[in-house]
Structure formats: C-alpha cells, structure tokens
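Here is a short briefing on pockets and aromatic contacts. Keep the sequence and the 3D view open as you read.

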Amino acid sequence: MKKIRNMIVGTDWWDDCDDAAALRILVWAHRRGDIRLLGIAINACSPLSGPSLDAFLAREGLVMLPIGLDRRATDFGGQLTYQARLARLPGQHRANEDCEDGVALYRRLLASAEEPVDLVEIGFSSILSALLESKPDGYTALDGCQLVKQKVRKLWMMAGKWDEEGGRENNFARNARARQAAALVCRQWPTEITFLGFEVGCTVITGAGLPEQDVLGRIFRDHGSPRGRYSWDPMLAYMACLQDETAAGYRRMPGWASVDEKSGCNRFRSDPEGRHGFVVKTQPDEAYACAIDKILMDASRHALDRKGDR
C-alpha cells in the first residue's frame, strides 16, 4: 500500500495561473487521503497574498491550513491578475500580517513532523535557501541543514530548463534573489531533488474546460487564459502526489544540478549516483493533459462556490 506522504508546498502565487491549478491538484489529493498537506509557504509577496490564497483554499474545501509568507519578497515585478477578485470574496480571510514567517513555518512543521516530509516547490527558492541557513530556535536545536536532512524525504521542484546546456528559466532566474537562492539550494540541499523543467510543461495545455462559475475557471480567465495554460506547476504537483516519476510518465535522469548565481543559467552533470535528477517525458502530451484535466474537472464539481462570489 502506498504510504500517505506529508507535504509542505511552496508557491510564488504571483502572476501565473498554473500555481492555482497545481494547488487544486494538491488539495484534491489531500482530500482523497493520498497526501497530507501540512502548510503552504508563499515566496513572492503582494498585499493580497495571504487573503487571496486563503480564499482560494476555502473554496477548494480546505480551511485553516497554515500559510507562511516571505514578506521581503516584493521585488519580482510582473502583473497580478487574479488575486484582487479572490481577496474580495466574502468570508474571513487571513491578512498578510496573520501569516507566519515562511522560514518559521517550515521549521515549526518539520520539527513537529513524526514522519518524513516531502517538499513541493512551484515558485522561487528563496524560502528554501533561507531555511538551509536558519539557526536553532524554539522549535528545534537543529540548524536548517540538519533539520532538512533529518525530516525531509525529498524535494520536488518545478524549475530549470534541462534540454540545453546553460538553460535559463524563470523560477531560477527571475531576479537576483531567485538566482542566489537557486544556486545555494542546488549546492547545499542534503536530500534528493527531482526537477521538472520548462521544456516539459511548455507544450501541455490544461484548464481549457473549466466552467466560468468555478473559482479556478475565473482565475484562468482573469489571467487571460480561458483556453488553458501551460502546465508546468500542475505536472509537477501531479508527479509529487503519485510519489513516483515513472508512474507519472517520466524518466528521471540522475546527476548533479547547479545554477549560476549571476545569470540564473542551470547546468547538469550526469551521474548515476547523483542526488539530483530532471525528468523527460515518456508519453505524448495528450496523456499528461488528460490526466490533469480529469483531476481539475473532478475537483471543480466539488469545489465550494458561494452565491455572489463573482
């Protein structure tokens, strides 16, 4: 029997709607009992980060999940598209001030975890890098690297571009903060990492059939993607929920990843004993799109959608 895996999720929750699709998949798996979500950390900060994510989770049927936030991370640029509508939804939503510090959230949840935890990262690496450099505190006498090594089973990351030497991708290269954090994580992270790169999701379109009255359907429309969106984050989330690259339709290429902290370009050295690995697809794009859309639509039928939300 597959073990129910504890998970903590990191997301930028910023200027793309694929984060919301990925979170729907993760909440869907949580409600099914396939995984156990412990908390979500937002690694890009806008005034509406906490309230909009809280509102989305409530309408997915998950309330009072711990939310962490990197309040310094306001320098990513871009245009927010769906957070304002979410933050206006009726109900009690947590303000940014009510969210925990992102690093403190990870330290608290990992320190109290009695079973190994998987980390899922669909945004920037800044909170993870700060976690590695964190010091002992009231939660545990372990420093960040020791805590991760003791409590984390695996890190799943949507990041990088692995089909060319010196690839460059947003989550690694968006700004100086992202580049420096990615370089540190690749250099110091003590557990196995599986990367799903830009090249994997940029030809898979999902979310086109979501109804407008569904909160996720409105997010896609607010983003300007009523016909669907590239599937980087949902593909990573689906693979992490299955806990198996092969079962999700990929071949994992083992080795060692690195990121140049000045340019954000990633490189990879193949090694069968390496802790890092990126995935390549073994199925046609339609197979991944069908699996993800089935989950998005199934969850859509059960999502909370209160009268007057629109």
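A residue counts as buried when its relative accessible area is under 20%. By that cut-off, both Trp13 and Phe56 are buried. The model is predicted.

**Aromatic pairs**
- The whole structure holds 13 aromatic pairs.
- Trp13 and Phe56 form a tilted pair, because their ring centres are 5.5 Å apart and their planes meet at 45 degrees.
- This pair links distant parts of the chain, 43 residues apart. Trp13 lies in the loop between β1 and α1, and Phe56 lies in helix α2.
- Tyr230 and Trp232 also pair, with centres 5.3 Å apart and planes at 50 degrees, so this pair is tilted.
- Tyr230 is partly exposed at 33% relative accessibility, whereas Trp232 is buried at 9%.
- Trp162, Phe172, Phe195, Phe268 and Phe278 are joined into a cluster by ring pairs.

**Charge over a ring**
- Lys154 places its charged end over the ring of Trp156, 4.1 Å from the ring centre.

**Largest pocket**
- Its volume is about 200 Å³.
- The lining has 15 residues, and the closest to the centre are Asp16, Asp18, Asn170, Asn171 and Trp232.
- Helices α1, α7 and α11 each supply at least two lining residues.
- By class, the lining has nine charged, four nonpolar and two polar residues.

**Second largest pocket**
- This pocket holds about 170 Å³ of space.
- Twelve residues line it, with Trp28, Arg32, Asp34, Tyr238 and Ile295 closest to the centre.
- α12 gives the most to this lining, with four residues.
- The lining has seven nonpolar and five charged residues, and no polar ones.

Notes: Residues are numbered from 1 along each chain as its sequence is written. This is a predicted model: local features need pLDDT of at least 70, side-chain atom pairs count only at pLDDT 80 or more; totals for chains, interfaces and linings use all residues. Side-chain values use heavy atoms; hydrogens and water are left out. On a 1 Å grid over the protein atoms alone, a cavity is a set of points where a 1.4 Å probe fits but cannot get out, and a pocket is an open set with protein on both sides within 12 Å along at least five of seven lines; lining residues have an atom within 4 Å of a point. Grid points are joined across faces, edges and corners, and a volume is the space filled by probe spheres set on the points. Ala, Val, Leu, Ile, Met, Phe, Trp, Tyr, Cys and Pro count as nonpolar, Asp, Glu, Lys and Arg as charged, and the others, Gly among them, as polar. Rings of Phe, Tyr and Trp (its six-membered ring) pair if their centres lie within 6.5 Å; planes under 30 degrees apart count as stacked, over 60 as edge-to-face and the rest as tilted. Buried means under 20% relative accessible area, exposed over 50%, partly exposed in between (1.4 Å probe, protein chains only). A charge sits over a ring if NZ of Lys or CZ of Arg is within 6 Å of the ring centre and within 35 degrees of the ring normal.
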